[in-house]
Amino acid sequence: MRLNIVNNLIKFIILFFHSYSFAGVCTDWFKESKIKSADKACLSMCNIYPVDMGTFTCHNECEFFCKKIKCKENLYWKSKMKKGRPHNWDISSEKTKDWLDSEKEDLNKTLQMLPDDFAKVSFDGFYRMEKSAFIVNPGTTSQNKSIALYNNAFQHPLFKLDRVVVHELAHVVHLNFSKNKIESYRNQMGWKNDRGHYFRSGPFLSSDAKESPEEDFAVNIEFFLFENEKIKKQLPKAYSWISKNFSKEFSFKEVCND
Amino acid sequence: MIKNNIFSALVVFVTFASGCATQVKSNNSSAVKSVSFDQIEQIGLGQSQEQVIKFLGVPQSKQDFESKGKPFIRFEYVNVDQNLSQRAAMVFDSSDKKVSAKTFIPTEGDFANSLNDLISEKYKNSKFIYYMKPRCKDHSASAESIAINLDQGILINYIKADFGVLAISWMEQYELSDIVRKLELCQKSQAQPK
């Protein structure tokens, strides 16, 4: 009787660890496939993605990996998609434009996945504008903490809307910083001032980042969320500053796809 | 056996104590005071490099650089007690080694850390012109604003939201006029239809 219990316990432990390790293997397998749960063809792509000896049961998990996540309506972000012209917009030559439904939908999807840190700062809202006064610029943040998204944010092959939105929101976060916070970032990154001009030695993750400490900050936030491993390796000082000064949940939420 | 243990404990203690002593010594040697606002203010443009070293001490770093085709030397002084962040910069014309500009970075505890205190304490009767940093090169706005006194050749970078001072720079009038000209040009170009 006692031996029976022990035997069953051993069987249970073996089974538990077996399925547990399979779950991990399949999660890695799905990650490697680069298939996104938001992809419309997620299920079919997953079902034909090659398996090997170690992952031969992973096709059984496809339904789980491609499960539909309802896009919830986030009233905060919804209230931030604004019509018309931002208050005191400093470039008079820039014209406003109406949002297309598809643009609103895309923007909404991006906003859904943003970490809550972005919703905790004072922010006026997003405005749709036609063309930036600066060549190939997809977005701008103003002193009043308004963000203009130009045609290039939605149409230009060089830009992805989610990265543009994160970059501009990082500017908004920076505009909300106190002197101490601003200085803490600059000191960490080695920014220096000489007669009002700022400079630091590299490396920089993008040439835009060389322009000013603010641009450097926005670029680094963008990399922290989109290319976390890259910033961790190439700019560990920026990585550790962001890790320390943002919440533990400062990463993308699951993408909704339904 | 006991003797041996006492001996090893003694060795450990001596090693530890000597380590501490070295550390204290090195702390002492680096416990040079950071330069102060008053020290920087007292150095006049046109003073020699030797006089600056005599007054402020040897800088923590020196760099040669070019600005508008002219060679300059920059001395950098750091905050000895705050992550060695920048405290001051002195710029010399390479040809005559005389001060052509200087910058001071205030930190918490300095009266110059707040724009209101700085102005009421040092420049009560001076007239400053305040500029929002325009978006000329940068595609997005800055949290910073700039206060300029052309007569005294002073430029103050400060945070608009809390009036915290980021840097105070002194420079030749012609250089500051050039900055003002660029700021105004940029503001105008933004206002004009393209």
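I count a polar contact as a pair of N or O atoms within 3.5 Å; within protein, one must be able to donate a hydrogen and the other to accept it, and residues adjacent in sequence count only if both atoms are side-chain atoms. With that rule I went to the interface of chain A and chain B and found 18 residue pairs in polar contact, both residues at pLDDT 80 or more.

**Ground rules**

This is a predicted model, and I keep local features only at pLDDT of at least 70 and side-chain atom pairs only at pLDDT 80 or more, while totals for chains, interfaces and linings use all residues. Residues are numbered from 1 along each chain as its sequence is written, chains are lettered from A and ligands numbered from 1 in the order in which they are written, and side-chain values use heavy atoms, with hydrogens and water left out.

**Entry 1: the interface**

I looked up contacts next (heavy atoms within 4.5 Å). On the chain A side 39 residues take part, facing 44 residues of chain B. The buried area comes to about 3,300 Å², with 46% of it from carbon and sulfur atoms; this is the accessible area (1.4 Å probe) that two parts lose on being put together, summed over both. Which residues of chain A lose the most area to chain B? They are Gln143(A), Lys179(A) and Arg195(A), together 26% of what that side buries.

I then searched for salt bridges, meaning a side-chain nitrogen of Lys or Arg within 4 Å of a carboxyl oxygen of Asp or Glu. Four of them link chain A and chain B. I noted Arg74(B) with Asp194(A), whose closest N and O atoms are 2.9 Å apart.

For the elements I use DSSP runs numbered from the N terminus: helices are H or I with at least four residues, strands are E with at least two. Strand 3, helix 7, helix 8 (179–189), strand 5 (192–194), strand 6 (197–199) and helix 9 (213–226) of chain A each give two or more residues to the side that touches chain B. Helix 8 of chain A has the largest share, six residues. By class, that side of chain A has ten nonpolar, 18 polar and eleven charged residues. Here Ala, Val, Leu, Ile, Met, Phe, Trp, Tyr, Cys and Pro are nonpolar, Asp, Glu, Lys and Arg are charged, and the others, Gly among them, are polar.

For angles, axes are lines fitted to C-alpha atoms, for helices over the stretch in contact, and the values run from 0 to 180 degrees between N-to-C directions.

**Entry 2: the sheet of chain B**

I call two strands paired if DSSP finds at least two bridges between them. Chain B has an open antiparallel sheet of eight strands in the order 1-2-3-4-8-7-6-5. Its edges are strand 1 and strand 5 (129–132) of chain B, and the twist averages 20 degrees from one strand to the next.

Strand 1 (61–67) and strand 2 (70–78) of chain B share seven bridges, with Lys62(B) opposite Phe75(B). Two residues separate these strands in a hairpin, and Lys68(B) in the turn has a positive phi of about 50 degrees. Further in I checked strand 3 (86–93) and strand 4 (98–104) of chain B, which pair over six bridges; Val91(B) has Ala101(B) as its bridge partner.

**Entry 3: chain A on its own**

The open sheet of chain A has four strands, order 1-2-4-3, with mixed pairing. Strand 1 (81–82) and strand 3 (139–141) of chain A are the edges. Strand 3 and strand 4 (146–149) of chain A are antiparallel over three bridges, and Thr141(A) stands opposite Ile147(A). Helix 7 (161–175) of chain A packs on this sheet, touching strand 2 (125–128), strand 3 and strand 4, and makes about 10 degrees with strand 3.

The whole structure holds 20 salt bridges over all chains. I picked Glu222(A) with Arg163(A), at 2.9 Å, N to O. Glu222(A) sits in helix 9 and Arg163(A) in helix 7 of chain A, so the pair ties together parts 59 residues apart in sequence.

I found a cis peptide bond between Gly202(A) and Pro203(A), omega about 5 degrees. Pro203(A) is in the loop between strand 6 and helix 9 of chain A. Lys34(A) has a positive phi of about 60 degrees although it is not a glycine; Lys34(A) belongs to the loop between helix 1 (2–33) and helix 2 (42–48) of chain A.
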